[in-house]
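Please read them beside the coordinates.

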Amino acid sequence: MKAELYPADADAPKALQIEPMTPADLTAVLQIEAASFTTAWPVNAFANEIRDNKLAHYFIGRLDGRIVAYGGIWVILEDSHVTTIAVHPSLRGRRFGEEMLLKLLDEAIARGASWITLEVRESNVAAQKLYRKYGFTTVSTRRGYYSDNGENALVMWAGNLKGELYAARLRVLRATLEHQIAGRA
Ligand SMILES: CC(C)(COP(=O)(O)OP(=O)(O)OC[C@H]1O[C@@H](n2cnc3c(N)ncnc32)[C@H](O)[C@@H]1OP(=O)(O)O)[C@@H](O)C(=O)NCCC(=O)NCCS
């Protein structure tokens, strides 16, 4: 049923069109949010972030005009934090999450961040693998961090974002991703 909302279209753009999140995007964002997280953020959380938080930078990704992914970061001087990232459930596994994470990393680096951190559920193996691919390592565990089921959070971290080693890693990942996007059905 949901997949019919996103019919295959040979003329559709293959790469996500990534833009800053605006209040007009929140209905679509909340639908993905509710389908992605057991403790979903309410509309006010997103609204406050994009309206009031000068440290926050949120983006949506459109495919053929429709919002299919979103993500956000905070950047505080050299420190940055991935606050959320999600892809519409019917479109996962097609590298939209990777495109969004790369955008968040680019944004953090462009705004001067030297390191980036995030929390992820211990059971969320897919997200952890994505983060590890982009150089994050687990630095600590927050016991019982998630209030819905008491699950632990892994704190992951990537450092030296402005260094040549990380830049080279991103270059390789970006080139591979662009190649995969070009081959997207
Ligand atoms: C995590 C999430 C954003 C990934 O987005 P996606 O578009 O499905 O993932 P991609 O197709 O871009 O995959 C990129 C990488 O992520 C990892 N990955 C994605 N799905 C995976 C899966 N099912 N199993 C294992 N690894 C997976 C892989 O490392 C993959 O790269 P590789 O195939 O070269 O190894 C998506 O699964 C999602 O929205 N999950 C629900 C919300 C969520 O958990 N957000 C993270 C909160 S911390």
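1. Overall size. For 185 residues, a compact globule would have a radius of gyration near 16 Å, and the protein has 16 Å, so the two agree. The radius is taken over C-alpha atoms, and the globule rule is 2.2 Å times the number of residues to the power 0.38. Along the principal axes, the C-alpha atoms fill a box of roughly 45 × 40 × 30 Å.

2. Basis. This is a predicted model: local features need pLDDT of at least 70, side-chain atom pairs count only at pLDDT 80 or more, and totals for chains, interfaces and linings use all residues. Residues are numbered from 1 along each chain as its sequence is written.

3. Elements. The protein has 5 helices and 7 strands. Helices (H or I, at least four residues) and strands (E, at least two) are DSSP runs, numbered from the N terminus. From that terminus on, the order is β-α-α-β-β-β-α-β-α-β-β-α.

4. Buried residues make up 28% of the 185 residues. A residue is buried if 20 or more other C-beta atoms lie within 10 Å of its own, exposed if 12 or fewer, and partly exposed in between; C-beta atoms are placed from the backbone. Among contacts with a separation of 6 or more, 62% join residues 24 or more positions apart. Contact here puts the two C-beta atoms, placed from the backbone, within 7 Å.

5. Strand pairing. Two strands pair if DSSP finds at least two bridges between them. β1 (17-20) and β2 (56-63) pair in the antiparallel sense over 4 bridges. β2 and β3 (66-76) are also antiparallel, over 8 bridges. β3 and β4 (79-87) pair in the antiparallel sense over 8 bridges.

6. Phenylalanine 59 is the bridge partner of proline 20. Phenylalanine 59 also pairs with glycine 71 in β3. Isoleucine 60 stands opposite tyrosine 70.

7. Strand cover. In β2, 6 of the 8 residues are buried, so the strand is largely enclosed by the rest of the structure. β3 is mostly covered, with 9 of its 11 residues buried.

8. Hairpin turns. β2 and β3 form a hairpin with 2 residues between them. Aspartate 64 lies in that loop and has a positive phi of about 55°, although it is not a glycine. Aspartate 64 counts as partly exposed because it has 13 C-beta neighbours inside 10 Å. The β3-β4 hairpin also has 2 residues between its strands, and leucine 77 in the turn has a positive phi of about 55°. Most residues other than glycine have a negative phi. These two turns deserve a look.

9. Another positive phi. Asparagine 160 has a phi near 50° and is not a glycine. Its place is the loop between β7 (153-158) and α5 (164-182). Asparagine 160 has 12 other C-beta atoms within 10 Å, so it is exposed.

10. Aspartate 25. This residue sits in the loop between β1 and α1 (26-36). Aspartate 25 has 19 other C-beta atoms within 10 Å, so it is partly exposed. Leaving out residues up to four places away in sequence, aspartate 25 touches Ile60 and Ile67.

11. Helix α3 (96-110). Its 15 residues should span 21 Å at 1.5 Å a residue, and the end C-alpha atoms are 21 Å apart, so the helix agrees with expectation. The expected span is 1.5 Å times one less than the number of residues. Of the 15 residues, 12 are buried, including Phe96, Met100 and Leu104. Glycine 112 follows α3 and has a positive phi, near 100°.

12. Ligand shell. Which residues come nearest to the ligand? Of the 19 around it, they are Arg92, Gly97, Glu98, Ala126 and Leu130. A residue is near a molecule if its C-beta atom, placed from the backbone, lies within 6 Å of it. β4, α3 and α4 (125-133) each supply at least two residues of the shell. α4 gives the most, with 6 residues. Gly97 and Glu98 are also among the buried residues of α3.

13. Shell make-up. The shell divides into 9 nonpolar, 4 polar and 6 charged residues. Ala, Val, Leu, Ile, Met, Phe, Trp, Tyr, Cys and Pro count as nonpolar, Asp, Glu, Lys and Arg as charged, and the others, Gly among them, as polar.
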